[in-house]
Amino acid sequence: MEPIINNIDLPERLYLKFAKLVYDSAGIALGNAKRELVRSRLMKRLRALQVTTYEEYYEILAHHDGDGSELVMMLDAISTNKTDFFRENQHFQFLSETALPAIMTRNRTTRRIRVWSAGCSSGEEPYTLAMVLREHLDRSVNWDIKILATDISTKVLQFAHEGIYEEEKVKPVPVQYRTAYFDKGKNARGQVVYRAKPELRNLITFRRLNLMNATFPFSGAFDVIFCRNVMIYFDKGTQETLVNKYYKHLASGGYLFIGHSESLNSLKTPFQFVKPTIYVRNS
Ligand SMILES: C[S@@+](CC[C@H](N)C(=O)[O-])C[C@H]1O[C@@H](n2cnc3c(N)ncnc32)[C@H](O)[C@@H]1O
């Protein structure tokens with residue numbers, strides 16, 4: 001008979017050990033109020049591994065996870081992945097009306113545009129970026145566009161790479177974009193789904209990347225970095241270190257976009273404020 005594993009308690013001292021592991025490996029500061037959330041999110045892993053206590057699960061993570069694969073699964077279960085197409089649309093308006101014209105002028109000889117969606121979740125943000133770039137770049141020039149989309153969660157990256165979204169999900173996509181950039185079909189359950197067309201998918205490279213890594217493996221500079229609704233989970237020191245790494249990886253005149261409830265106000269960074277949640281590297 002299968003063990004019954006449902007409402008198992010997560011004692012506070014053990015919660016704090018999980019919280020430290022999450023903080024040390026992903027920078028996510030869970031604080032004291034997330035015990036129930038963590039308990040229910042980790043329950044999936046206990047069920048999957050047929051483990052009956054959180055103590056036992058912690059032991060697996062701490063001492064029997066040689067290749068780190070269970071840590072990846074644990075972070076998949078813990079991370080919050082809420083996202084939408086055209087989320088915080090004023091960013092895409094600023095991008096098309098102000099940032100892209102400036103970048104097109106600056107990069108007119110290289111004809112290259114490099115964009116990074118850092119913490120891309122299930123792909124709605126990089127696909128939105130791809131549509132906006134396709135629509136607003138001067139079509140008479142053969143632009144070399146590359147969008148790098150990264151996340152720590154392998155689960156969302158797999159989903160994003162497939163680029164298949166339910167009807168409800170694509171509602172924020174304007175109808176003319178939906179027609180131009182998505183193929184309509186049905187999934188195995190007979191539900192209407194939309195799949196991003198190859199011309200969109202081919203612009204994006206999805207990669208697993210932990211933003212806590214001391215350095216990032218990129219040689220060239222980005223013209224635009226979107227890191228929205230990610231730093232909200234980090235403490236101030238972690239945010240400051242990350243933002244300064246972004247600065248190093250932006251071209252002069254490149255833009256950083258952050259989430260609606262985030263700000264660089266209290267951080268020591270050389271970024272110039274453009275308007276709330278939009279910053280530029282001027283040097
Ligand atoms: C709420 S989603 C934001 C998605 C999108 N940027 C948006 O604003 O709609 C936050 C994402 O950050 C990712 N994340 C959290 N910590 C991370 C880390 N240390 N490295 C990379 N990605 C991380 C999560 O897996 C999650 O997919």
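**Ground rules.** I am working with a predicted model, in which local features need pLDDT of at least 70 and side-chain atom pairs count only at pLDDT 80 or more, while totals for chains, interfaces and linings use all residues. Residues are numbered from 1 along each chain as its sequence is written, and side-chain values use heavy atoms, with hydrogens and water left out.

**Overall build.** I found 10 helices and 10 strands in the protein; these are DSSP runs (helices H or I, at least four residues; strands E, at least two), numbered from the N terminus. The radius of gyration is 21 Å, close to the 19 Å from the globule rule for 283 residues, so the protein is as compact as a globular protein of that length. For that check, the radius is taken over C-alpha atoms, and the rule is 2.2 Å times the number of residues to the power 0.38. Along the principal axes, the C-alpha atoms fill a box of roughly 65 × 50 × 30 Å.

**Burial.** Of the 283 residues, 50% count as buried (under 20% relative accessible area; exposed is over 50%, partly exposed in between; 1.4 Å probe, protein chains only).

**Core.** Which residues touch the most other members of the largest nonpolar core? I noted Trp 116 and Tyr 246, in a core of 47 residues. Such a core is a set of buried Ala, Val, Leu, Ile, Met, Phe, Trp, Tyr and Cys residues joined through side-chain atoms within 4.5 Å. Several elements each supply at least two of its residues, including helix 3 (54–63), strand 1 (112–118) and helix 10 (236–248). Helix 1 gives the most, with six residues.

**Arg 41.** I looked up this arginine in helix 2 (residues 35–49). Is Arg 41 buried or exposed? Arg 41 counts as buried because its relative accessibility is 19%. Leaving out residues up to four places away in sequence, Arg 41 touches Ala 77, Ile 78, Ser 79 and Thr 80 (contact means heavy atoms within 4.5 Å). Leu 75 is 34 residues away from Arg 41 in sequence, yet 9.9 Å away in space, C-alpha to C-alpha.

**His 249.** My last stop was the loop between helix 10 and strand 8, where His 249 lies. His 249 has 12% relative accessibility, so it counts as buried. Beyond its neighbours within four places in sequence, His 249 is in contact with Phe 216, Phe 218, Ala 221 and Phe 222.
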